[in-house]
Amino acid sequence: MVRPMRVLFCLLLVFGVGCFESWSTESGLDSGAPARDVGPPDAPMDASTLGDGAFRLATWNLEQFPLTSSTVPSVARLVRELDLDVVGVQEIRDRETFETLASALDFEQIVSFGSDGFTRVGFLYDPERIRVSEIDRLFRDDDYAYPRDPIKAQLEVLRADGTVAFDFLFVVVHLKARTDLESQQRRVAAIERLEAWMTEQLEGPEQDIVVVGDFNDLLDDPPDSNVYGPLLEDDRFRFLTAAAVAEGDYTFPRFESFIDHILVTRDALDEYGEGVTAVSHLERTVPRYLVEVSDHLPVVATFALP
C-alpha cells in the first residue's frame with residue numbers, strides 16, 4: 001500500500017557515465033506533500049558552549065542551485081553566519097555558479113560529476129580546517145537505487161596547530177524522491193546498499209563514517225513502511241537527526257517534512273561527544289528565503305571533538 005504523500009516529488013533522470021570535476025550542472029523538479037500536524041520548537045539547540053575548536057558540518061539541499069541571481073551571495077553569507085566547516089550539498093545545477101560560491105567563501109568544492117543536464121551532489125569545505133583525499137563516486141552502476149551518484153571522500157579535521165582532530169569517511173547522498181511504491185522501493189534498495197557498503201568499510205581500519213543528504217523519507221514512519229530498517233535496527237549506526245525528528249522539527253518547510261539527515265557510525269560518536277544537531281530555520285529570519293535560496297533548510301551537526 002502506498003503511503004500518504006509526505007515527502008518531495010521530484011522528476012529524476014538517470015546519470016550517464018562521468019568523471020570528477022570540482023563543479024557540475026543539472027536540472028530537475030521538486031514538489032511536495034501535505035503538511036504534518038506538529039511543528040518545531042521556536043529555537044534550535046544551543047551549540048555555543050562547545051567552544052571555538054568544535055567542528056561544524058551541515059547538509060543542505062540548495063534546490064536547483066542557483067535559484068536566482070541573489071542565491072550565491074545569500075548562501076555565502078549564511079555559510080559564514082552558521083560558521084560551517086563542511087557543507088554537503090544536493091541539487092547542484094550549474095557548475096560555474098557553484099564554483100563562484102566556493103570562491104566567494106574562500107572554500108574548495110567537489111561535485112559528483114555525470115552527464116550534463118542533471119542535478120548533482122557535492123560539498124564545500126574550508127581548506128584551512130579540512131583536508132580532503134580519496135574522492136570517488138559510489139554506486140555508479142546502480143541507477144535504480146541511486147539516480148544521483150553519491151560522492152565520498154576521506155576528510156581530516158585540523159586543529160589550529162595543524163594536527164588531525166578527527167578523520168572520517170564522508171558521504172553525500174540524494175535518494176529517489178516521490179511517494180509512489182516504486183520510488184519507496186528504490187529508497188529501500190538505496191538504504192540496503194548503503195548499509196552493506198558501510199559494513200564493508202567497517203571491516204577495515206576506518207571506523208568513523210558520516211553520511212549526509214536528502215534521503216527523501218521520514219525516520220519516524222511505522223516499521224512496515226519505514227525505509228531505514230537496516231540502519232535503525234543496527235546499533236553500529238546513529239542518526240544525529242533523530243532527536244530533532246522526535247521533537248517535531250522539519251527540514252522542508254512547505255510541507256513540514258523531515259527528510260534531510262545526518263547519519264554516523266558508532267565510533268564517530270566519540271568525536272561528536274556532547275555535540276548538537278539542529279535545523280537552522282532560516283525561513284524565519286531571511287527574507288524571501290524560500291524564493292531565493294532553497295525550499296529545504298540546512299541541518300547542522302556540531303561535533304564537540306576531544
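Me: Two strands pair if DSSP finds at least two bridges between them, and strands (E, at least two residues) and helices (H or I, at least four) are DSSP runs numbered from the N terminus. With that settled, which strands stand at the edges of the open sheet of 6 strands?

Reply: This is a predicted model, where local features need pLDDT of at least 70, side-chain atom pairs count only at pLDDT 80 or more, and totals for chains, interfaces and linings use all residues. Residues are numbered from 1 along each chain as its sequence is written, and side-chain values use heavy atoms, without hydrogens and water. The sheet has mixed pairing and the order β5-β6-β4-β3-β14-β13. Two of its strands have a single partner each, so one side of each lacks a neighbour in the sheet: β5 (108-111) and β13 (276-279).

Me: How many bridges join β13 to β14?

Reply: β14 covers residues 299-303 and runs antiparallel to β13. Val279 stands opposite Val299 in β14. The bridges joining these two strands number 4.

Me: Which strands does helix α1 touch where it packs on the sheet?

Reply: Contact means heavy atoms within 4.5 Å. Helix α1 spans residues 71-82, and its buried residues (under 20% relative accessible area, 1.4 Å probe, protein chains only) include Val72 and Leu78. On the sheet, α1 touches β3 (55-65) and β4 (86-92).

Me: How far does α1 reach from its first C-alpha to its last?

Reply: The helix has 12 residues. Its expected span is 1.5 Å times one less than its number of residues. The reach of α1 is close to that expected 16 Å, at 16 Å.

Technical notes: Axes are lines fitted to C-alpha atoms, for helices over the stretch in contact, and angles run from 0 to 180 degrees between N-to-C directions. Buried means under 20% relative accessible area, exposed over 50%, partly exposed in between (1.4 Å probe, protein chains only).
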